[in-house]
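Here's a quick briefing to read with the model open beside you. It covers a strand arrangement and then a ligand site.

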Amino acid sequence: MTVWLRGDHLVRHRGPVARRPDERVLLVEAESFARKLPYHPHKLTLVFGAMRRLRDELREAGRTVHYRQVGTFEDGLTAHFETHPDDRLVTTAPQADGARERIESLVSDAGGTVEFVPDERFCCSPEQFDEWAGDGRYRHENFYRFMRRETGYLMDGGDPVGGEWNYDDQNRETPPADWSPADPPSFDYDDIVHETAAWVEQTFAGGYEDPPYGGDWADPEPFRWPVTRRQAVRALDHFVTHRLADFGPYQDAMRGGEWAMSHSLLSTSLNLGLLLPDEVIERAIEAYEDGSVPLNSVEGFVRQVLGWREFMRHVYRREMPDLATANQLGADEPLPELYWTGDTDMACLSDVVDGVRERGYSHHIERLMILANFGLVYGVEPAQLNRWFHAGYVDAFHWVTTPNVVEMGLYGAGVFATKPYAASANYVDKMSDYCSGCPYYKTKTTGEGACPFNALYWDFLDRNEDQLRSNHRMGLMYSHVDNKDEEEWNDIRERADEIRTLAERGDL
Ligand SMILES: Cc1cc2nc3c(=O)[nH]c(=O)nc-3n(C[C@H](O)[C@H](O)[C@H](O)COP(=O)(O)OP(=O)(O)OC[C@H]3O[C@@H](n4cnc5c(N)ncnc54)[C@H](O)[C@@H]3O)c2cc1C
Ligand code: SF4
């Protein structure tokens, strides 16, 4: 029997590796995985660097590790079963749609068998979620409260600690001008990680035909993500000690030049299994209990990890394969090239896209209210934006990117989102400092120099009226729609067309 650790399940301190200390371990590093999409080089350095480091750590701890650097998974498994005929692999159940069947058939074609064990990277099992959800539509808030009760996190008997389930009213603040967040942690990498980064650069840069800019993520900053369990634990400590207190109040705020704000930067470690959600949550709660961080920040953070992350995983599991191509609004515009190049005068969009090009990261509100919001009001086909997010982000995996982009960002399916997150410059201006340095006029909707978000926003409401007007959560927006006369609508439609033409030409 062999424990097979796949590249996105690098859990060492629990799961099959810990439970079967005498079994050998298999890791398959397949180049074909890296060629599926024009991934950001930091994503490839992260996954391959973390796999290589884990190989060395396990060997140092006396484990037998077979590390196969091969073209495809088929090659890796064939080589494994040639050396160990009729072996049985034990591996964590995968999240990606159809992956279980693909793995079963690959292993059986290569001459072995495979056993799946539960995924330690989540708190809520499929059975638990399905029992909670039944056949009905699911709401995140109800799920989150269910999980609080199930786990007892931030609970005082049957009631939420502090008396409220959420502190959203305290968590929408704009930081004062003299505020600056603590610097993100940095890590000393050994030769393995440097060599991996160089190999990624040499092997994959510019090596993609589609799309035209794929594989050319500009000039990335140095790699900055934890690749070992030790580094990930340090990242968690750093966050809880220096950033968590401000996480709550400023979690929805954006500021040019502050790419991390007070976000945790823990998604890569959680998604790879270097950290597990329960330990992250418990560490944050401890900090509340010892009085070092306020409840609104800790509750806001627990909501993200215990609520949203778990919820998205199960929505994906239940709604695939339809979710990946869902497009209930019939949006059919191609993804503008500016998502790949960052080449636009729009200060908000260009800053956020540049950040993705440099770091493979932007925080949640930039993803939702700048990148996805622009795609939504512009009318980008959801699957195209999903592909871009999947390629560009260090923390992107199909199970988490898809529900976030297709459903939360672009309102593609209506399975849990109750309305589209469409917003104009008014929102961007309220939550950021971008507009003050932008050549576009935030208050203008049409005419020369008008902010593109404005005309596109109204055009979005207009062209999707049949589907959206009856939604009671859109009532206020449609009351503003009704206040516009025909002449205004003509100007808005004309400006929206002009913006699409400018974007297609690369002149926006
Ligand atoms: C359009 C769009 C695309 C996204 N794509 C991804 C993705 O590919 N991978 C990914 O991990 N997250 C994705 N998210 C969710 C969220 O934006 C990121 O998890 C978060 O920004 C990661 O940064 P952080 O670790 O600093 O998070 P923090 O803001 O510090 O939040 C703490 C943790 O909560 C979890 N979390 C928070 N919100 C979500 C959510 N909506 N879904 C799942 N987990 C959540 C993450 O594990 C995160 O590390 C996306 C959100 C949107 C709107
Ligand atoms: S004016 Fe418009 S384009 Fe410019 S930063 Fe504000 S919202 Fe973005």
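Two strands count as paired if DSSP finds at least two bridges between them. Keep in mind that this is a predicted model.

- Strand β4 (residues 88-92) runs parallel to β5, and five bridges join them.
- Leu89 stands opposite Val114 in β5.

**Who surrounds ligand 1**
- The shell around ligand 1 counts 26 residues, and the closest are His263, Ser264, Leu265, Tyr361 and Thr401.
- By type, that shell splits into 14 nonpolar, nine polar and three charged residues.
- Four helices each supply at least two shell residues: α10 (267-272), α12 (295-319), α16 (364-378) and α18 (398-409).
- Of these, α12 gives the most, with six residues.
- Why does ligand 1 lie between domain 2 and domain 3? Domain 2 (126-187 + 228-319) and domain 3 (338-505) both give residues to its shell, so that's where it ends up.

**Polar contacts and burial**
- A polar backbone atom of Leu265 is 2.8 Å from an oxygen atom of ligand 1.
- The side chain of Thr401 has an N or O atom 2.8 Å from an oxygen atom of ligand 1.
- For Arg367, a polar side-chain atom lies 3.4 Å from a nitrogen atom of ligand 1.
- On its own, ligand 1 exposes 810 Å², and the protein buries 99% of that.

Terms used: Residues numbered from 1 in each chain as written. Chains lettered and ligands numbered in written order. Predicted model: local features only at pLDDT ≥ 70, side-chain atom pairs only at ≥ 80, totals over all residues. Heavy atoms only, no water. Near = heavy atom within 4 Å. Polar contact = N/O pair within 3.5 Å; in protein donor to acceptor, adjacent residues only side chain to side chain. Areas by Shrake-Rupley, 256 points an atom, 1.4 Å probe, with all protein chains shown as cover. Nonpolar A, V, L, I, M, F, W, Y, C, P; charged D, E, K, R; others polar. Domains from an automatic or database assignment.
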